[in-house]
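Visitor: I have a structure on screen and would like to learn how to read it. Where do we begin?

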Amino acid sequence: MTFIRVPKSWEIPEREVTSEATYFNRRRFLKTLAGASILPILGCQASEDADNELEATLNVPKLESIKTNPAFAEVDRPITNELLAGRYNNYYEFGTGKSIWQAAQSLPTDSWKVEVTGLVKNPRTYDLDDLQKKFPLEERIYRFRCVEAWSMVLPWIGFPMKRLMAEVEPTSKAQFVRFISYDNPKIRIGPSWSLGGKLPWPYTEGLSVEEMANELAFFAVGIYGHLLPKQHGAPIREVIPWKYGFKGAKSIVKIEFVESQPATFWNTIDSHEYDFEANVNPKKPHPRWSQATEKFIGKGEDFSWEKRETLLYNGYEEYVASLYV
Ligand SMILES: Nc1nc2c(c(=O)[nH]1)N[C@H]1C(S)=C(S)[C@@H](COP(=O)(O)O)O[C@H]1N2
Ligand SMILES: [Mo]
């Protein structure tokens, strides 16, 4: 389908990777522009169409009667509006800007399989039905912090990673785990060359097995009471709330237990900017910006954000500090 419409300010195509600071400044600039010019008149009908289209992408099957885990029923800030979280994503396979929600709809999620392999006693291949039914699902409200210094609060549905570990039984040799995202160069529209080099597709991430066994480490198959929409990484993605968002690989097809620390997408591109551990830490600045504060998106219905102090381990110190002594 081809159609022409005037993009909303949040749909500005970004040809190259821009830091979050640049993005927010551009939005503020456009907001000012919109207030003073004819932009809203031009954009009105088209925006309404885009809103309907966005809602359609979020209209995925509901997950009925899922209990919220009482330990993770709330945090110190409200849950981000679903319509904001669903149109402000990082998913480089579908573009380097934040508005990838339309492009991501080409992700083919039918007959999905996740292969669990490597240093495990019981290698397994799970299909969609297994992933959604085999491990009891629960809801968890987690803080979410991107390395670009924006944050949200998201209501995930899924199961703790340790449940899957108990079934596949990593051997004593397994020290790390690798998560590999779906990749198809035919549908991938994200860049092959960027950031000064060839991008190491597929997107991969990793954890130590101790981190994976932590109570907080989570596989999400849903969000906001329904299955994951494609822009959030359907049908299954990692959620590691005490680490920066890039540690949470989307649309996982393979999980591999290995002996030594695996190469990862971002760490391969620039180990100086994106370290393997990547724990949220206000005192450890990114080489290009401070991590002392963050822009919390979700206090209202629009993208106006609230400045918050960054919390050590994103506020999850009591669960994870013992991993790093
Ligand atoms: N496969 C894949 N997974 C990915 C990414 C990506 O580009 N590709 N981006 C990461 C980054 S940087 C962030 S902040 C989160 C964003 O998750 P969300 O869009 O569901 O909020 O996904 C992470 N997982
Ligand atoms: Mo991120």
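Visitor: Which side chain has an N or O atom 2.9 Å from a nitrogen atom of ligand 1?

Guide: Keep in mind that this is a predicted model. For a polar contact, look for N or O atoms within 3.5 Å of each other. Here the side chain belongs to S181.

Visitor: Which polar side-chain atoms lie 2.9 Å and 2.8 Å from an oxygen atom of ligand 1?

Guide: Take them one at a time. N89 places a polar side-chain atom 2.9 Å from a ligand 1 oxygen. For H232, the distance from a polar side-chain atom to an oxygen of ligand 1 is 2.8 Å.

Visitor: How much of ligand 1 does the protein bury?

Guide: Start from the ligand by itself. Alone, ligand 1 exposes 540 Å². The protein buries 99% of that area.

Visitor: How many residues surround ligand 1, and which are the closest?

Guide: The shell holds 16 residues. Y92, E93, H232, G248 and K250 are the closest. H232 is also the residue with the 2.8 Å distance.

Visitor: Now the whole chain. How many helices and strands are there?

Guide: The protein chain has 8 helices and 14 strands. It has 325 residues, and 52% of them count as buried.

Visitor: What do the contacts say about sequence separation?

Guide: Consider contacts between residues at least 6 apart in sequence. In this chain, 74% of those join residues at least 24 apart.

Conventions. Residues numbered from 1 in each chain as written. Chains lettered and ligands numbered in written order. Predicted model: local features only at pLDDT ≥ 70, side-chain atom pairs only at ≥ 80, totals over all residues. Heavy atoms only, no water. Near = heavy atom within 4 Å. Polar contact = N/O pair within 3.5 Å; in protein donor to acceptor, adjacent residues only side chain to side chain. Areas by Shrake-Rupley, 256 points an atom, 1.4 Å probe, with all protein chains shown as cover. Helix = DSSP H or I, 4+ residues; strand = E, 2+ residues; numbered from the N terminus. Buried < 20%, exposed > 50% of the residue type's maximum accessible area, 1.4 Å probe, protein only. Contact = heavy atoms within 4.5 Å.
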